[in-house]
Amino acid sequence: MELDSALEAPSREESSLSGELSPSALGQAFSKILHSLTRPEARRGNGKDVALKDLGDLIEATECDRLFEGSGARLRGMPETLGQVAKAVEKYAAPRKEEEGGGDGHSEVAEKAAKVGLLFLKLLGKVETAKNSLVGPAWQTGLHHLAGPVYIFAITHSLEQPWTTPRSREVAREVLTLLLQVTECSSVAGFLRGENEDEKGSLSVILGLLKPDLNKESWKNNPAIKHVFSWTLQQVTRPWLSQHLERVLPASLLISDDYQTENKILGVHCLHHIVLNVPAADLLQYNRAQVLYHAVFNHLYTPEHHLIQAVLLCLLDLFPILEKTLHWKGDGARPTTHCDEVLQLILTHMEPEHRLLLLLGFLLLFYRDRILHEPLHWLIIGYLEVYDGPEEEARLKILETLKLLMQHTWPRVSCRLVVLLKALLKLICDVARDPNLTPESVKSALLQEATDCLILLDHCSQGRVKGLLAKIPQSCEDRKVVNCIRKVQQVSEGAPYDGT
């Protein structure tokens with residue numbers, strides 16, 4: 001279909017200039033191109049490619065005032081028609097389901113994206129020209145309909161994804177830059193939320209365009225949708241995000257509630273951003289915070305440590321919001337909190353598998369309550385007793401964890417003094433007499449960390465460690481062990497020490 005064949009030949013009355021389309025013919029031309037881009041029968045043929053070429057020729061041949069301003073019912077609907085054409089063009093360049101594409105499919109998508117990007121650059125160039133030549137809101141109306149689809153296209157193809165190439169990313173980023181220039185926005189965040197207090201921004205429009213593709217049945221039809229939504233969400237912070245909570249929370253929950261770990265992590269990151277940027281009062285309303293908690297808590301049953309790490313960081317910021325509803329007067333047992341539930345689950349699932357990253361992530365949560373739980377110190381002692389190979393990564397990490405733990409829970413440490421002291425002394429003796437092929441640098445690091453822990457333990461117990469260690473240098477013949485004990489005694493007596 002060539003451009004001239006797509007249009008009915010205009011009558012003499014319809015043409016004001018030779019080679020120029022009348023308003024009715026111009027509207028008809030865009031409508032026919034729109035039909036070609038959206039009809040199912042053209043999906044696997046080259047009809048859409050031809051329609052895209054015709055669209056580029058039409059935009060290039062039409063003066064900006066004809067695109068955005070004029071008289072007549074058909075032309076008054078031109079901004080809306082242009083918006084529908086832009087949506088169809090964006091869909092044309094969108095990636096398909098992974099099972100429908102593959103390597104060749106991705107290459108085809110990148111080629112289409114490069115062509116569509118050049119077309120959008122032409123269209124935005126017309127808007128920029130119209131800004132300087134038209135009086136009134138005509139070009140603004142046109143831009144309002146164009147901005148959403150153009151933004152979705154730009155984000156879809158500017159991020160580094162399997163369906164993009166350096167060329168398609170470059171064109172998409174040029175489109176995004178020109179879009180911000182035309183809308184007079186200094187950043188994507190300003191474009192989405194509004195540059196000034198009296199501006200609404202485009203986030204509502206963007207979320208409205210994404211909504212049909214972000215439901216349970218359709219969100220995987222386009223693998224780019226989740227990334228566009230997530231990236232867009234991350235650009236909007238408080239106080240602007242709260243007014244969009246009803247639209248962003250369901251989509252974030254949908255993405256996190258998937259069987260693929262990649263999607264779970266992406267969804268949890270979205271939920272975490274919501275927790276950080278929506279007021280607690282809004283999250284507590286309608287029990288949203290509880291819904292959020294249960295959605296991310298269920299991920300703790302999986303063995304994926306990257307997912308666990310994302311979940312724990314999210315919960316760390318969610319706990320203060322949930323605990324606003326708790327009232328403990330101190331005259332009875334402390335009520336069980338959500339933090340306690342997470343602690344119990346993590347300890348249950350972590351101990352047999354020795355997942356150290358889970359332990360470290362959990363301790364981030366644990367510090368907030370300043371309580372040394374009974375199962376936890378036994379878990380730490382268990383790690384200290386197990387040789388972890390020449391690099392001793394696990395024991396070094398657990399010693400670092402123990403130091404942080406004592407710093408944050410020092411009022412409760414003294415009741416575990418004897419148990420922790422025995423475990424640390426046993427570790428020092430084991431390392432000093434280690435017959436394994438452990439590098440000396442690793443042994444020195446272990447002894448240094450264990451010594452630091454003894455010094456902290458002494459401070460937490462108000463000098464009791466020093467008294468308990470007093471006779472060891474007299475009876476112990478191992479020079480390394482004695483050196484560690486003397487360091488503890490020297491620091492306890494007020495001598496400076498660089499290790500703490």
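These legends accompany several close-up views of one predicted protein model.

**View 1. The whole chain, for orientation.** The model is predicted, so local features need pLDDT of at least 70, side-chain atom pairs count only at pLDDT 80 or more, and totals for chains, interfaces and linings use all residues. Residues are numbered from 1 along each chain as its sequence is written, and side-chain values use heavy atoms, with hydrogens and water left out. The protein has 27 helices and zero strands; these are DSSP runs numbered from the N terminus (helices H or I, at least four residues; strands E, at least two). Of its 500 residues, 50% are buried, where buried means under 20% relative accessible area, exposed over 50% and partly exposed in between (1.4 Å probe, protein chains only). Among contacts (heavy atoms within 4.5 Å) between residues at least 6 apart in sequence, 71% join residues at least 24 apart.

View 2. The pLDDT, the predictor's confidence in each residue from 0 to 100, averages 81 over the protein, and 80% of the residues score at least 70.

**View 3. The largest nonpolar core.** A nonpolar core is a set of buried Ala, Val, Leu, Ile, Met, Phe, Trp, Tyr and Cys residues joined through side-chain atoms within 4.5 Å. The largest one holds 105 residues, of which Phe-30, Tyr-151, Phe-229 and Leu-300 touch the most other members. This core draws at least three residues from each of domain 1 (27-34 + 46-95 + 107-184) and domain 2 (216-324 + 338-349), with bounds from an automatic or database domain assignment. Apart from this core lies another, of 40 residues, including Leu-424, Leu-446, Ala-450 and Val-491.

**View 4. Phe-229 and its neighbours.** Leaving out residues up to four places away in sequence, Phe-229 touches Leu-207, Leu-210, Leu-214, Val-248, Ala-251, Ser-252, Ile-255 and Cys-270.

**View 5. The buried side of helix H16.** In H16 (residues 288-297), the buried residues are Arg-288, Ala-289, Leu-292, Tyr-293, Val-296 and Phe-297. They lie on the same side of H16 because they cover an arc of only 160 degrees around the axis, taken from the directions from the helix axis to the C-beta atoms.

**View 6. Asp-213 and Lys-91.** Asp-213 sits in the loop between helix H11 (203-210) and helix H12 (225-235), and counts as buried because its relative accessibility is 17%. A polar contact of 2.5 Å joins its side chain to that of Lys-91. Such a contact is a pair of N or O atoms within 3.5 Å; within protein, one must be able to donate a hydrogen and the other to accept it, and residues adjacent in sequence count only if both atoms are side-chain atoms. Beyond four places in sequence, Asp-213 is in contact with Lys-91, Ser-218, Trp-219 and Ile-225.

**View 7. Lys-443 in helix H24.** Lys-443 belongs to H24 (residues 440-460) and, at 8% relative accessibility, counts as buried. Not counting residues up to four places away in sequence, Lys-443 touches Val-431, Asp-434, Asn-436 and Thr-438.
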